[in-house]
Amino acid sequence: MTGVAWHYVLKFIITGDSSVGKSSLLVRLTDQRFLANPDPTLGAEFGSKLITIPEENKVVKLQCWDTAGTESFRSITRSYYRGAAGCLLVYDVTSRQSFVNARSWLADVREHADPHLTCILVGNKIDLCADDTDAPSVPARRTREVTTEEAEQWAKEEDLLFVEASAKSGLNVQEAFEQATRDILDKIRRGVFDDDRSLGVKHSKPSATNVSLDNDAPRGRCC
Ligand SMILES: Nc1nc2c(ncn2[C@@H]2O[C@H](COP(=O)(O)OP(=O)(O)OP(=O)(O)O)[C@@H](O)[C@H]2O)c(=O)[nH]1
Ligand SMILES: [Mg+2]
């Protein structure tokens with residue numbers, strides 16, 4: 001990625017119960033692949049990705065902290081929330097408990113992160129739901145335990161964006177990050193984020209390189 005210009009660097013956190021697929025979503029975003037047997041995350045892992053938002057003519061570097069869902073790491077997990085501009089709050093559509101627990105993860109985020117942070121609720125593992133595909137049943141299929149309507153309703157009540165996705169198939173993974181990024185760019189445009197306080201939003205600095213999607217002089221580069 002050396003030498004590629006960006007307009008903004010946004011800090012994202014990925015949170016939710018253990019095994020809902022947080023690391024898998026990040027690996028899908030950054031490497032376009034799926035790990036069948038990833039190790040549980042210890043503390044936090046980091047991944048970075050450049051995305052373009054064509055209608056805004058913006059190149060954005062996402063710096064994503066994938067946190068551990070295991071209870072024993074919870075205090076460490078919280079320490080990564082500070083200054084994040086975006087959050088993926090993940091549950092597993094085949095695990096009601098993970099959806100119920102999303103409430104306490106959201107409470108943590110609200111307590112420790114920037115109040116203006118954009119949060120998107122992500123119902124992962126949609127590929128496992130037999131009722132969501134025309135493919136014949138296979139043994140790996142599991143019953144959906146959270147309906148789209150219920151999750152959508154809760155997201156609306158909590159002012160969260162919402163999407164159902166699959167790290168396995170790749171469905172809606174990049175879209176989830178893009179949707180959240182669009183919302184953050186909109187907040188930046190409206191002056192919601194204060195540069196001095198919002199550590200999760202960095203504007204690029206003027207630079208002599210000229211890789212840019214718009215006619216402006218490029219304002220930065222990845223390191
Ligand atoms: N079928 C299916 N399996 C998935 C999907 N995403 C993750 N998995 C599987 O779910 C298990 C847990 O995935 P992880 O990505 O490690 O989950 P995590 O949320 O990062 O878990 P912690 O690091 O312990 O908090 C693994 O066996 C993955 O292969 C998905 O979209 N579909
Ligand atoms: Mg993990």
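Residues are numbered from 1 along each chain as its sequence is written, while chains are lettered from A and ligands numbered from 1 in the order in which they are written. Because the model is predicted, local features need pLDDT of at least 70 and side-chain atom pairs count only at pLDDT 80 or more, whereas totals for chains, interfaces and linings use all residues.

## Overall fold

The protein chain contains five helices and seven strands. Helices (H or I, at least four residues) and strands (E, at least two) are DSSP runs, numbered from the N terminus. Along the sequence, these elements follow the pattern β-α-β-β-α-β-α-β-α-β-α-β.

Of the 223 residues of the chain, 41% count as buried. A residue is buried if 20 or more other C-beta atoms lie within 10 Å of its own, exposed if 12 or fewer, and partly exposed in between, with C-beta atoms placed from the backbone.

## The nonpolar core

In soluble globular proteins, nonpolar side chains tend to be buried together. A nonpolar core is here a set of buried Ala, Val, Leu, Ile, Met, Phe, Trp, Tyr and Cys residues joined through C-beta atoms within 7 Å. The largest such core has 56 residues, and Leu88, Leu89, Ile120 and Val122 touch the most other members. Helix H5 (residues 173–189) gives the most to this core, with seven residues.

What does valine 122 touch, not counting residues up to four places away in sequence? Its partners are Leu25, Leu88, Leu89, Val90, Val163, Ala165 and Ala176.

## Helix H3

Helix H3 covers residues 96–112, and its 17 residues should span 24 Å at 1.5 Å a residue; the end C-alpha atoms are 25 Å apart, which agrees. The expected span is 1.5 Å times one less than the number of residues. H3 bends by about 30° at alanine 102, the bend being the angle between axes fitted to the seven residues ending there and the seven starting there.

Alanine 102 is also one of the buried residues of H3, together with Ser98, Phe99 and Trp105. The buried residues of this helix pack against strand S1 (8–16), strand S4 (86–92), strand S5 (118–124) and helix H4 (148–157).

## Individual residues

Two loop residues other than glycine have a positive phi. Serine 19, with a phi of about 75°, is found in the loop between S1 and H1. Serine 19 is partly exposed because 16 other C-beta atoms lie within 10 Å. Lysine 125, with a phi near 70°, lies in the loop between S5 and H4. With 25 C-beta neighbours inside 10 Å, lysine 125 counts as buried.

The following table gives pairs of residues with their separations.

| Pair | Apart in sequence | C-alpha to C-alpha |
|---|---|---|
| Serine 48 and glutamine 63 | 15 residues | 4.7 Å |
| Glutamine 32 and glycine 170 | 138 residues | 7.6 Å |
| Histidine 203 and tryptophan 6 | 197 residues | 8.5 Å |
| Glutamate 158 and arginine 103 | 55 residues | 9.7 Å |

Serine 48 lies in strand S2 and is partly exposed, with 15 C-beta neighbours inside 10 Å. Leaving aside neighbours within four places in sequence, serine 48 is in contact with Thr30, Lys61, Leu62, Gln63 and Cys64.

Glutamine 32, in the loop between H1 and strand S2 (44–53), is exposed, with 10 other C-beta atoms within 10 Å. Histidine 203 has its place in strand S7 (residues 201–203) and is exposed, with 12 such atoms within 10 Å. Glutamate 158 lies in the loop between H4 and strand S6 (161–164), and 15 C-beta neighbours inside 10 Å make glutamate 158 partly exposed.

Technical notes: Contact = placed C-beta atoms within 7 Å.
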